[in-house]
Amino acid sequence: MDPDTFNMEVRKFLKVVGVTSQREIEAAVDRAIRSGRIKGGETLSAKVVLTIDGVDLRHEIDGEIELG
């Protein structure tokens with residue numbers, strides 16, 4: 001394994017995860033506000049589950065997103 005290549009590939013993957021996740025969250029919140037399911041001042045519970053086949057990785061991150 002080349003540590004530099006591995007590091008760059010992980011960073012590239014995480015950048016895609018971050019950017020696409022933010023877009024999806026923003027779109028889902030916008031849809032929920034427009035449909036009346038939420039008002040826009042709530043705090044939403046969030047969870048990310050990261051899995052990587054081949055190394056048996058399953059990592060969960062729980063958090064909250066305050067809409068203000």
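Which residue caps the N-terminal end of helix 1? In this predicted model, the cap is Asp2, with a side-chain oxygen 2.9 Å from the backbone nitrogen of Asp4.

Helix 1 covers residues 3–35, and its 33 residues reach 47 Å from the first C-alpha to the last. That is close to the 48 Å expected at 1.5 Å a residue. After helix 1 comes Gly36, whose phi is positive, near 90°.

Strand 1 and strand 2 pair in the antiparallel sense over 10 bridges. One of the facing pairs is Leu50 with His59, the latter in strand 2. The two strands make a hairpin with four residues between them. In the turn, Gly54 has a positive phi of about 95°. In a regular strand, side chains alternate between the two faces of the sheet.

| Element | Residues |
|---|---|
| Helix 1 | residues 3–35 |
| Strand 1 | residues 43–52 |
| Strand 2 | residues 57–66 |

The largest pocket has a volume of about 270 Å³. It is lined by 14 residues, of which Val17, Ser21, Val48, Val49 and Ile61 are the closest to its centre. The elements that give two or more residues to this lining are helix 1, strand 1 and strand 2. Helix 1 gives the most, with six residues. An α-helix has 3.6 residues a turn, so residues three or four places apart point the same way.

What classes of residue make up the lining of the largest pocket? There are 10 nonpolar, three polar and one charged residues.

Technical notes. Residues are numbered from 1 along each chain as its sequence is written. This is a predicted model: local features need pLDDT of at least 70, side-chain atom pairs count only at pLDDT 80 or more; totals for chains, interfaces and linings use all residues. Side-chain values use heavy atoms; hydrogens and water are left out. The expected span of a helix is 1.5 Å times one less than its number of residues. A polar contact is a pair of N or O atoms within 3.5 Å; within protein, one must be able to donate a hydrogen and the other to accept it, and residues adjacent in sequence count only if both atoms are side-chain atoms. Two strands pair if DSSP finds at least two bridges between them. On a 1 Å grid over the protein atoms alone, a cavity is a set of points where a 1.4 Å probe fits but cannot get out, and a pocket is an open set with protein on both sides within 12 Å along at least five of seven lines; lining residues have an atom within 4 Å of a point. Grid points are joined across faces, edges and corners, and a volume is the space filled by probe spheres set on the points. Ala, Val, Leu, Ile, Met, Phe, Trp, Tyr, Cys and Pro count as nonpolar, Asp, Glu, Lys and Arg as charged, and the others, Gly among them, as polar.
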